[in-house]
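Take a look at the sequence and the structure below. After that, we'll go through a few of the features together.

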Number of protein chains: 4
Amino acid sequence: MSERPSPPSRERSAYARYLSFRTRWMDNDQFGHLNNALYYSFFDSAVNTTLIDEFGFDPNSDASVYYVVETGCSFHAGVAFPGIVEVGVRVARLGSSSASYEIGVFSQGAELAAATGRFVHVMVDRETERPVPIPGEHRAHFERVYGVS
Amino acid sequence: MSERPSPPSRERSAYARYLSFRTRWMDNDQFGHLNNALYYSFFDSAVNTTLIDEFGFDPNSDASVYYVVETGCSFHAGVAFPGIVEVGVRVARLGSSSASYEIGVFSQGAELAAATGRFVHVMVDRETERPVPIPGEHRAHFERVYGVS
Amino acid sequence: MSERPSPPSRERSAYARYLSFRTRWMDNDQFGHLNNALYYSFFDSAVNTTLIDEFGFDPNSDASVYYVVETGCSFHAGVAFPGIVEVGVRVARLGSSSASYEIGVFSQGAELAAATGRFVHVMVDRETERPVPIPGEHRAHFERVYGVS
Amino acid sequence: MSERPSPPSRERSAYARYLSFRTRWMDNDQFGHLNNALYYSFFDSAVNTTLIDEFGFDPNSDASVYYVVETGCSFHAGVAFPGIVEVGVRVARLGSSSASYEIGVFSQGAELAAATGRFVHVMVDRETERPVPIPGEHRAHFERVYGVS
């Protein structure tokens, strides 16, 4: 219960769903690798693309939206522009108001993730910014897309 | 000669080569469209990806590198995450040390560019940062990839 | 009238108002200088900070907002993290619906701008996205802050 | 020893050293707050600015450089453009090759951090990318600037 969770897997097979992103010239820092902060941009981009394209989530008008409350990442190997990254996403835990994602960022075709991370979303009311339950419609999409309920 | 050049075309057929980029959540500004500065990131990412993948350019070790000396962009329509953008590139003029690119940024499948711009590269010596002639090997790639010489 | 305008000045004295920005590690590209696209982020950040702090503009709720329709930049010298940049802004022309800014980006304390650019805002209705006149209240602020009317 | 460490403090007094960063228009996402990934850019920018300005670290030429191996952040409250953020840094643990930083990101003048995080640097040889001991000269700067040894 209060145990520290095991770290996200570096294995390709651990992730339920993948999206590919072409890197950009400005992603590289002066050491010639992707800047560490940008991995988190892959996290929220992969998660939100799926919410919008698969769940029907509309960040502009839905009454409830997802806020990021906690993230973390371990960096195992470098990735560099002009490579393409494959971002694998799984849902480790679906709570009443929260979804805890695990994410692996892979160089195209690589077997082991270059970086692995966690990303926790909480659904909040857009106006009050207080947590609200994830609606049944979204839960059905979590089941369908990520296999969690 | 000293005439102001005609603006880059919004037509798909005007561009010699295309690369697609998946947008990222943080690309959108608070009006819900891609931030204007990011279009320039598509410019240099498309140009540099081709230099590296097609010309064999190595930004880390080549003795001469390309510096950006002038850019510009006209914004015709909005593009938004989670869309995919298609970035068309042509070379409008190849000088002794410089390459003047024209670029169209299209929403996936759109007939007219959402934004059109210019991007001027000058080849410089990595140490002195002074202009040097574009080598014959690169000129051959400009001919092959972009049809200019 | 239809003449090409003279380029923005590199002189410090040419700009009406300055804001300083601390650079960030990820601003540098792998050549160790600020990425070209980021200069445009200084442009809209300096302009919008003044609109919000001095004009009382609220991008979240005002019925009319400013859209960027055209930008351009010439790069004269490199700037690098961890430097501080001073962004000078003047208004070159105030139209019925548009404001044409000129901008100089200076390394801290430098006499000549490292980059100079143009940035054109058009006021549009938030819903229709069609141009609307800049209201008198904003025009008074343009007069007070930038000395144009 | 193998206990999970207590989370970084939200108190202003917990941090040894502060740097201020002006936010940028494109930092805000479409919910009108700073994008979560950007907080990590404040982390590495504050840490690296101090390494360069206070330690004499030269990321372009030093034989050993710092790589980011692990980061994490908890988000407690929103921060928005055009605000200024104050980034507090302390060193929680200085190992043989690693420095574990804790960081608080504060809205200007706020008593409690809007976000708190961890940031772990490992010193590596630039060529082999293998860990090497942090040199005595840097350890003296860690003592002087952050009060750790």
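## Two helices in chain B

At what angle do the axes of helix α1 and helix α2 of chain B cross? Before the answer, one thing to keep in mind: this is a predicted model. In it, helix α1 of chain B covers residues 36–55 and helix α2 of chain B covers residues 136–146. Their axes cross at roughly 105° and come within 11 Å of each other.

Which residues do the touching? From α1(B) come B:Thr50, B:Glu54 and B:Phe55, while α2(B) brings in B:His138, B:His141 and B:Val145. Sort the residues of this contact by type and you get two nonpolar, three polar and one charged.

## A strand with two partners

Now find strand β4 of chain B, residues 98–107. It's mostly covered, with seven of its 10 residues buried.

On one hand, β4(B) pairs with strand β3 of chain B, residues 84–94, in the antiparallel sense over nine bridges. A hairpin of three residues links β3(B) to β4(B). To spot the pairing, look for B:Val91, which sits opposite B:Tyr101 in β4(B). β4(B) also pairs with strand β5 of chain B, residues 115–125, again in the antiparallel sense, over eight bridges. Here B:Ala99 is the residue to look for, standing opposite B:His121 in β5(B).

10 strands make up an open sheet, with antiparallel pairing. If you want to trace it, the order is β1(B)-β3(B)-β4(B)-β5(B)-β2(B)-β2(C)-β5(C)-β4(C)-β3(C)-β1(C). At the edges are β1 (17–22) of chain B and β1 (17–22) of chain C, each pairing on one side only. Going from one strand to the next, the twist averages 25°.

Over in chain C, strand β2 (residues 64–75) and strand β5 (residues 115–125) run antiparallel and are joined by 11 bridges. C:Phe75 stands opposite C:Ala115 in β5(C). Helix α2 of chain C, residues 136–146, packs on the sheet, where it touches β1, β3 and β4 of chain C. The direction of this helix makes about 125° with that of β3(C).

## How the copies relate

What about chain D and chain B? A rotation of 180° with 0.0 Å of shift along its axis superposes chain D on chain B, with an RMSD of 0.0 Å. This time D:Gln30 is the residue of chain D closest to the rotation axis, at 1.9 Å (C-alpha). Here too, 100% of the interface residues of chain D are interface residues in chain B, so the copies meet through the same surface. The contact takes eight residues from chain D and eight residues from chain B. On the side of chain D that touches chain B, three residues are nonpolar, four are polar and one is charged.

Notes: Residues numbered from 1 in each chain as written. Chains lettered and ligands numbered in written order. Predicted model: local features only at pLDDT ≥ 70, side-chain atom pairs only at ≥ 80, totals over all residues. Contact = placed C-beta atoms within 7 Å. Nonpolar A, V, L, I, M, F, W, Y, C, P; charged D, E, K, R; others polar. Axes fitted to C-alpha atoms, helices over the stretch in contact; angles between N-to-C directions. Helix = DSSP H or I, 4+ residues; strand = E, 2+ residues; numbered from the N terminus. Least-squares fit on C-alpha atoms with pLDDT ≥ 70 in both. Buried ≥ 20, exposed ≤ 12 C-beta atoms within 10 Å, placed from the backbone. Pairing = 2+ DSSP bridges.
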